[in-house]
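Here's a quick tour of a few spots worth a look. Have the viewer open and follow along.

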There are 2 protein chains.
Amino acid sequence: MRRIEVRSAAGTYPIMLGADVFTQAGSLVLELGFRRGTKVTIITDDTVASLPFADTVLTSLDEAGFVTQTLTVPAGDSSKSMDMAIDLYRGLLKFGMRRSDLVVALGGGVVGDLAGFVAATYLRGIAFVQAPTTLLAHDSSIGGKVGINLPEGKNLVGAFYPPRAVLYDLSALRYLPVRQWTNGMAEVIKHGIIANPELFANLEAKPLTECPLPDTLEPILAAAIQVKVDVVQADERESGRRQVLNVGHTIGHAIEQRSHYQLGHGEAISIGMVLETKLAQARNLLAQADALRIVSVLEAHGLPVRTPADEFSELRGLIDVDKKHGSALWTFALPVAIGDVRVVSDVRPEEVEAVYVQSLRAAVRCQGHKLT
Amino acid sequence: MRRIEVRSAAGTYPIMLGADVFTQAGSLVLELGFRRGTKVTIITDDTVASLPFADTVLTSLDEAGFVTQTLTVPAGDSSKSMDMAIDLYRGLLKFGMRRSDLVVALGGGVVGDLAGFVAATYLRGIAFVQAPTTLLAHDSSIGGKVGINLPEGKNLVGAFYPPRAVLYDLSALRYLPVRQWTNGMAEVIKHGIIANPELFANLEAKPLTECPLPDTLEPILAAAIQVKVDVVQADERESGRRQVLNVGHTIGHAIEQRSHYQLGHGEAISIGMVLETKLAQARNLLAQADALRIVSVLEAHGLPVRTPADEFSELRGLIDVDKKHGSALWTFALPVAIGDVRVVSDVRPEEVEAVYVQSLRAAVRCQGHKLT
């Protein structure tokens, strides 16, 4: 088991990474300072609840002397709603959860964001532990961003609220459907682009198109996680450096919303990374060779790289409402090399439109090509 | 204008206290570092919106170059709901409010708690300024506690989220109805009991049964505010010292809920302070002379001191759900002298019941007395 420490304003918390984390969940929570008899609510979704490791976590906590309950929400992004948060508050109240008790978020990004938001706001904040069960959640569970959606958009309501620990059991990842695995790899690749050229080169040399054994996976994920940790430590509340993590996300979020979440998060940000790579090229920030490597490594992992056939006008409003923007000009985190990203805050929407329209034409040509 | 600084983990913020604060609202917000052109949403209630100073604040912000809107909620505690929070999120989205923009909470404790919660969670947190317009809010606007109610109880959902400033215009207080003034005095008296025997003696010598001129009020409120500031600086997240502020509140909250908010907050905590004073006596923590002084100063300000005719069983569950308790034994902040409070964590519910039942009998005897 590998331990990576994350410093945050609210204190340091560990990421425990390995093949055997969930069987030790109880003793790990005891080590965090929670006493036997503390109430622990596991919040999970109905997909995860049916997998064998859900029982492993519960049993481990029970055996360590915690008083447990499990609250289950339907799987899927639509559970990141205020209605669901209210149901969960009630579930915590009914169980008699107090400030000294603990929430464990067992699941993917949706469960982590939702359970984290509930923990951040229940009784003005109680402790929570992230127990991610997807590859995407290697990203979302670190850094303390929690939140829910409004009908108007994703993550419009939330908080910066770090977990007390991240318990990341790599053997849980073998239950992931291929598409979810692929989606998760988009963020791993992103972390290579941001700050780790060796990680990127490893993924180029040996694309991880399916979940490898924990021993192979651990160093790769540790490298990706370390990129995220370094960035959020430098800027916990996203006022500067943390913006580099938005590579692919500014356009990607809009594409994800526009697809009504038919595209997975990783798929949407894969397309977003391609478009933002092209934007970086259009601004002469990125060499063509590097741009090609980015597109190529995404493709090698089975991620989509072509712009969906939406009019730009349909995306523009969605990008505009995105909270990362503070003015009429847009802010983007653009790759300037493999392993280096620059935040630019003077992007005119028209520049993005030009890149978008060009990609749209290329995609259509490409499809036309296939048909002939 | 007097300036009191409050240190918090998120930075230091000023309380601006005086007779002329609202006319200078715009320049004060500029001094906080917000630029002309920043969007400012004033959140207020329909009672405050109709008072002249609401326009004063708006005009001052407009003239300083901010882009303003006002969102108005119905006056009263029922506005501290999730439904109202969602309405406000939408109002902020519609106005295009971004992370760099500002919410101003103009009103009493309900508006401050609600608008503060919305600011704490909108886009994971945007800046807000407290502009309290009641005497009670001299307390609630300081220390960063924000929150909303669930049908199950008060403040069950919320955050610790300090404002960027508190703009407290004492001339606004002359619009307060007498009952609201009286309610506010309960917290001023409480701050004397906690840590300022001179303040308490002043209130004994010259009860403030109505709003005096700002020059008279300013030093008294500054003293009360300083007590609160000292406590929250020592313990921002209510893990220790801050519990002393709960004098009167542990029972008071339950009484307030049980009355279905027919009792004002100050009225309920006045009764709570009397009961907790008796609990302190029963534990031999407080001299009888001091206990009498506490009851007497509350009465002199027109505050209720008699236990309402509820069965203890009806209150017990309400005290139990109260978030301040971490175990089967209850925690109380009990006065041990005028100007000194001790937190005790080993109170058995039966002790509270004994004090309560005794007070209930005394109150009934007293009423019987009147009737003969």
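Where is His260(B) found? His260(B) sits in the loop between α10 (249-258) and α11 (265-282) of chain B, where helices (H or I, at least four residues) and strands (E, at least two) are DSSP runs numbered from the N terminus.

## Ground rules

This is a predicted model, where local features need pLDDT of at least 70, side-chain atom pairs count only at pLDDT 80 or more, and totals for chains, interfaces and linings use all residues. Residues are numbered from 1 along each chain as its sequence is written, chains are lettered from A and ligands numbered from 1 in the order in which they are written, and side-chain values use heavy atoms, with hydrogens and water left out.

## The chain B loop

For context, most residues other than glycine have a negative phi.

His260(B) is exposed, with a relative accessible area of 58%, while Tyr261(B) counts as partly exposed at 32%. Here buried means under 20% relative accessible area, exposed over 50%, and partly exposed in between (1.4 Å probe, protein chains only).

An unreviewed UniProt entry places a "binding site" feature at several residues, including Gly112(A), Thr134(A) and Lys145(A). The positions are given in the numbering used here, feature names are shortened, and annotations may be inferred rather than shown by experiment.

Gly112(A) lies in helix α5 (residues 109-121) and is buried, because its relative accessibility is 4%. Not counting residues up to four places away in sequence, Gly112(A) touches Ala105(A), Phe128(A), Gln130(A) and Val146(A) (contact means heavy atoms within 4.5 Å).

Thr134(A) is in the loop between β6 (127-132) and α6 (137-140), and counts as buried at 10% relative accessibility. Leaving aside neighbours within four places in sequence, its contacts include Gly109(A), Tyr168(A) and Gln180(A). The Thr134(A) side chain also reaches the backbone nitrogen of Ala137(A) at 3.0 Å.

## The β7–β8 pair

Val146(A), one of the residues that Gly112(A) touches, has Ala159(A) in β8(A) as its bridge partner. Five bridges join strand β7 (residues 145-150) to β8(A), and the two run antiparallel; strands pair if DSSP finds at least two bridges between them.

A hairpin connects β7(A) to β8(A) through two residues. Strand β8 (residues 153-160) of chain A is mostly covered, with eight of its eight residues buried.

Technical notes
A polar contact is a pair of N or O atoms within 3.5 Å; within protein, one must be able to donate a hydrogen and the other to accept it, and residues adjacent in sequence count only if both atoms are side-chain atoms.
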